[in-house]
Amino acid sequence: MIDRRRLINLSVTSAALMLPSLRSLAKSFPGDLDPRGTIGRLERLPKLDLEAREDLSTDFRIFVNGDLRRKARQRSDAILKAKGLPADADLPLDQTMELFGNDPLIAVSNHTWKNNQDLMWRQLHAEFHGNADQFLTEMETADMRGPGSLELNPTMHIPDYAKHEIHMQPGGYVGDPFAGHMYHYGTNNFYTARNNQDEMHQGYANAVPLPVDGKVRRILDLGVSCGQLTVALKQRFPDADVWGLDVGGPMVRYAHMRAVDLGVDVRFAQRLAEDSKFPDGHFDIVTSYILFHEVSYPACQAIMKEAARVLRPGGVFFPMEVKMARPEPKRTAFGRFMNWFTQAGINERWYMDYMDTDYSAEIRAVGLIANDQGPTSDRLFGRHNVMGTKPT
Ligand SMILES: C[S@@+](CC[C@H](N)C(=O)[O-])C[C@H]1O[C@@H](n2cnc3c(N)ncnc32)[C@H](O)[C@@H]1O
């Protein structure tokens with residue numbers, strides 16, 4: 001990821017040539033100034049103005065999803081109270097929309113969330129597309145390099161459910177060559193800059209439970225995006241053969257480039273999680289992190305079935321999801337309204353189905369032994385996560 005830094009170096013050098021006071025600066029750094037470098041593992045964005053706008057957007061998100069959301073929740077309590085309803089009333093969606101849909105404070109809270117997120121994606125999109133040759137060359141250079149490997153399947157059938165511009169990401173995961181780039185920087189904003197060194201993903205990888213006999217030779221990570229969990233799994237289990245699959249070619253391409261950059265030996269492939277192409281009983285551990293809230297219910301069932309098929313007896317399936325963590329948050333009227341807004345406003349296309357699905361039951365339905373009290377960690381939403389074990 002060297003070229004990204006060079007973009008800034010060249011522009012500083014040309015500015016230096018124009019201003020006498022800066023000429024001596026250019027002389028002392030002929031050609032290349034020191035790279036701007038990284039924030040931990042995360043490469044800095046190439047331009048200071050873009051970085052400043054992204055930082056502002058991240059800070060704004062902290063305010064919107066923190067203080068402002070709390071105020072909106074308090075307002076929802078007041079609205080319910082005024083109608084003689086308890087704060088934890090569970091009401092039908094239509095009624096929640098009537099109650100909360102026209103409230104100005106709740107509307108500001110939701111629409112600033114949406115608009116800030118939209119602006120954040122647009123800024124990243126403009127940067128990566130505005131310097132497309134540079135970023136494509138960088139990926140092409142990494143495609144054939146190791147450690148690890150990359151398998152792209154450009155003619156693969158992409159199911160319709162995977163083509164949405166999920167969370168308003170322009171082009172979604174499959175329709176933009178820079179989907180991986182955008183996802184990485186975009187989710188750093190979602191993680192409110194607490195994941196610069198993949199701390200969150202390392203926490204998830206460390207929470208993954210071991211198979212019954214403790215043996216871990218092969219691991220499969222499903223829906224990897226930019227491969228942060230996949231890399232963290234390899235670092236926790238250095239002797240294991242670690243695979244990461246994603247439906248998005250741009251996602252595994254970016255994931256591979258990043259793993260090469262980090263010197264981590266993992267194998268990324270553009271394949272469907274529900275059609276992994278691996279033999280029965282091949283893996284000791286199958287993981288996924290926040291995959292299931294972004295797929296349709298039939299796809300969820302098909303992916304669970306595939307995970308159970310490729311696990312060996314005694315192997316474990318650990319799908320890390322907000323919803324799969326127990327105890328499940330109690331359903332409230334405001335929660336139901338917010339699930340609707342997450343789906344309709346933020347374009348988390350499958351969110352309401354996801355929130356209505358009983359994942360323990362789904363895990364049991366594919367023949368695994370479900371455990372609602374799986375491992376937890378402060379990184380895992382602070383709750384126990386559902387897991388499945390293949391019967392021996
Ligand atoms: C929210 S991201 C997952 C984040 C990632 N696991 C991590 O550790 O940061 C969801 C990913 O699942 C992928 N995906 C969605 N449906 C899929 C499918 N059927 N098969 C494989 N990948 C899929 C998307 O392309 C996207 O990259």
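This note goes through a predicted model, taking the sheet, a helix pair, the ligand shell and some single residues in turn.

1. The sheet as a whole. In this model 8 strands make up an open sheet, and their order is E3-E6-E5-E4-E7-E8-E12-E10. The pairing in the sheet is mixed. Its edge strands are E3 (149–151) and E10 (369–371), each of which pairs on one side only. From one strand to the next the twist averages 15°.

2. Strands E4 and E5. Strand E4 (residues 218–222) runs parallel to E5, and 5 bridges join the two. One place to look is arginine 218, whose bridge partner in E5 is aspartate 241. E5 is mostly covered, with 5 of its 6 residues buried. E5 spans 241–246 and also supplies at least two residues of the shell around the ligand, a subject taken up under point 6.

3. Strands E4 and E7. On E4 there is also a pairing with E7: the two strands run parallel and are joined by 4 bridges. Isoleucine 219 has isoleucine 285 as its bridge partner in E7. Of the 7 residues of E7, 7 are buried, so the strand is largely enclosed by the rest of the structure.

4. Threonine 287 has its bridge partner in E8, namely phenylalanine 318. Alanine 370 stands opposite glycine 388 of E12.

5. Helices H3 and H5. Two packed helices are described by the angle between their axes and the distance between the axes. For helix H3 (residues 48–82) and helix H5 (residues 104–130), the axes come within 9 Å and cross at roughly 160°. Angles over 145 degrees count as roughly antiparallel, and H3 and H5 are therefore roughly antiparallel to each other. The crossing of H3 past H5 is left-handed. The contact between H3 and H5 contains 10 nonpolar, 7 polar and 7 charged residues.

6. The ligand shell. There are 23 residues around the ligand, and the ones that come nearest are Tyr173, Gly223, Ser225, Leu229 and Ala273. By class, the shell has 15 nonpolar, 5 polar and 3 charged residues. Helix H9 (228–236) is, like strand E5, an element that supplies at least two of the shell residues.

7. Alanine 302 and alanine 273. Alanine 302 is part of helix H11 (residues 297–310). Alanine 302 and alanine 273 are separated by 29 residues in sequence, while their C-alpha atoms are 8.4 Å apart in space. Alanine 273 is one of the residues that come nearest to the ligand. Alanine 302 is partly exposed, because 18 other C-beta atoms lie within 10 Å.

8. The loop between H7 and H8. Tyrosine 191 sits in the loop that lies between helix H7 (179–190) and helix H8 (199–207). From tyrosine 191 to isoleucine 62 there are 129 residues in sequence and 9.4 Å in space, C-alpha to C-alpha. Tyrosine 191 has 16 other C-beta atoms within 10 Å and so is partly exposed. Aspartate 198 lies in the loop between H7 and H8 too. With 23 C-beta neighbours inside 10 Å, aspartate 198 counts as buried.

9. Backbone points to check. Most residues other than glycine have a negative phi, and most peptide bonds are trans. Aspartate 198 has a positive phi, near 65°. Lysine 277 has a positive phi of about 75° and is not a glycine either. Lysine 277 is placed in the loop between strand E6 (267–270) and strand E7 (283–289). It has 12 other C-beta atoms within 10 Å and is therefore exposed. Finally, the peptide bond joining glycine 146 and proline 147 is cis, with omega about 5°. Proline 147 belongs to the loop between helix H6 (132–143) and E3.

Terms used. Residues are numbered from 1 along each chain as its sequence is written. This is a predicted model: local features need pLDDT of at least 70, side-chain atom pairs count only at pLDDT 80 or more; totals for chains, interfaces and linings use all residues. A residue is near a molecule or strand if its C-beta atom, placed from the backbone, lies within 6 Å of it. Ala, Val, Leu, Ile, Met, Phe, Trp, Tyr, Cys and Pro count as nonpolar, Asp, Glu, Lys and Arg as charged, and the others, Gly among them, as polar. Axes are lines fitted to C-alpha atoms, for helices over the stretch in contact, and angles run from 0 to 180 degrees between N-to-C directions. Angles under 35 degrees count as roughly parallel, over 145 as roughly antiparallel, 65 to 115 as roughly perpendicular and the rest as oblique. A crossing is left-handed if the near helix is turned anticlockwise from the far one by less than a right angle, and right-handed if clockwise. A residue is buried if 20 or more other C-beta atoms lie within 10 Å of its own, exposed if 12 or fewer, and partly exposed in between; C-beta atoms are placed from the backbone. Two strands pair if DSSP finds at least two bridges between them.
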